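Here's a quick walk through one structure, written for someone who likes to check geometry by eye. Have the viewer open while you read.

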Amino acid sequence: MTPDVFCDQLRNHGRRVTPQRRAIIQVLAETAGTHPTAEQIFTRVQATMPDMSHATVYNTLHELVEIGLLLELGLGVREHRYDINISDHAHMVCLGCGRVVDVPCDCSGVDIPPEQAQGFVLTERHLVFRGYCPDCLAAMEDE
Ligand SMILES: [Zn+2]
Ligand SMILES: [Zn+2]
């Protein structure tokens, strides 16, 4: 999704597109596929907008997650990761360096039948694979 399309969607949700929000969206688009942390997003935005506050970045990220334009991933690594790719996909997580990689995956077949859902209404499913990336494997072999 380009920043322009993203901003249109934000307006469609009745939200204002401020210069600060635009800068954050720009960084999200630039870092697509890398699943940055909020802190990494903040650092990049601040490079172009030195006045940007932590609160603005965190609040904007939460707002985007709330309206469904951004994924917040709790992956068992230290910090939440943000993902501008909201299409159905799975993730591979490196237990060594924390790298998070997209895996195209049709998760629609993964489901809990209603009779086993114990009254839960499911709103989200998320498939995560954990392991070690090639770089970490190579580093382990060198030791
Ligand atoms: Zn790794
Ligand atoms: Zn992803």
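## The five-donor zinc site

His35 and His89 are both buried. Keep in mind that this is a predicted model. The two histidines belong to the donor set of the zinc ion (ligand 2), which takes His35 (NE2), Asp83 (OD), His89 (NE2), His91 (NE2) and Asp102 (OD), at 1.8 to 2.2 Å from the metal.

Read along the chain, these donors are spaced H-x47-D-x5-H-x1-H-x10-D. His35 sits in the loop between helix H2 (19-30) and helix H3 (38-48), while His89 is in strand E3, so that the pair links distant parts of the chain, 54 residues apart.

## The four-cysteine zinc site

Now for the zinc ion (ligand 1). Its protein donors are the SG atoms of Cys94, Cys97, Cys133 and Cys136, lying 2.3 Å from the ion. What geometry do the four donor atoms give the site of the zinc ion (ligand 1)? The site is tetrahedral, with angles of 104 to 112° among those donor atoms. For reference, the ideal angle for four tetrahedral donors is 109.5 degrees.

The sequence spacing of the donor residues here is C-x2-C-x35-C-x2-C. Cys94 lies in strand E3 (residues 89-94), and Cys133 in the loop between strand E5 (128-131) and helix H5 (134-142), so this pair ties together parts that are 39 residues apart in sequence.

## Cysteines: cover and pairing

How much cover do these cysteines have? Cys94 has a relative accessible area of 3%, so it counts as buried, the cut-off being under 20%. Cys133 falls on that side too: its relative accessibility is 7%, and it is buried.

How many disulfides does a search of the whole structure find? The answer is zero.

## A nonpolar patch on the surface

One more thing to look at is on the outside. Leu95, Tyr132, Leu137 and Met140 form a nonpolar surface patch, and together they have about 390 Å² of accessible area.

Met140 is in helix H5, the helix that spans residues 134-142. Is Met140 buried or partly exposed? With a relative accessible area of 39%, Met140 is partly exposed.

Conventions. Residues numbered from 1 in each chain as written. Chains lettered and ligands numbered in written order. Predicted model: local features only at pLDDT ≥ 70, side-chain atom pairs only at ≥ 80, totals over all residues. Heavy atoms only, no water. Donors = N, O, S within 2.8 Å, 3.2 Å for Na, K, Ca; no water. Tetrahedral: all angles 85-135°; square planar, octahedral: opposite > 155°, others 65-115°. Helix = DSSP H or I, 4+ residues; strand = E, 2+ residues; numbered from the N terminus. Buried < 20%, exposed > 50% of the residue type's maximum accessible area, 1.4 Å probe, protein only. Patch = residues over 30% accessible without salt bridge, like charges linked within 9 Å, V, L, I, M, F, W, Y side chains within 5 Å. Areas by Shrake-Rupley, 256 points an atom, 1.4 Å probe, with all protein chains shown as cover. Salt bridge = Lys/Arg side-chain N within 4 Å of Asp/Glu carboxyl O. Disulfide = S-S within 2.5 Å.
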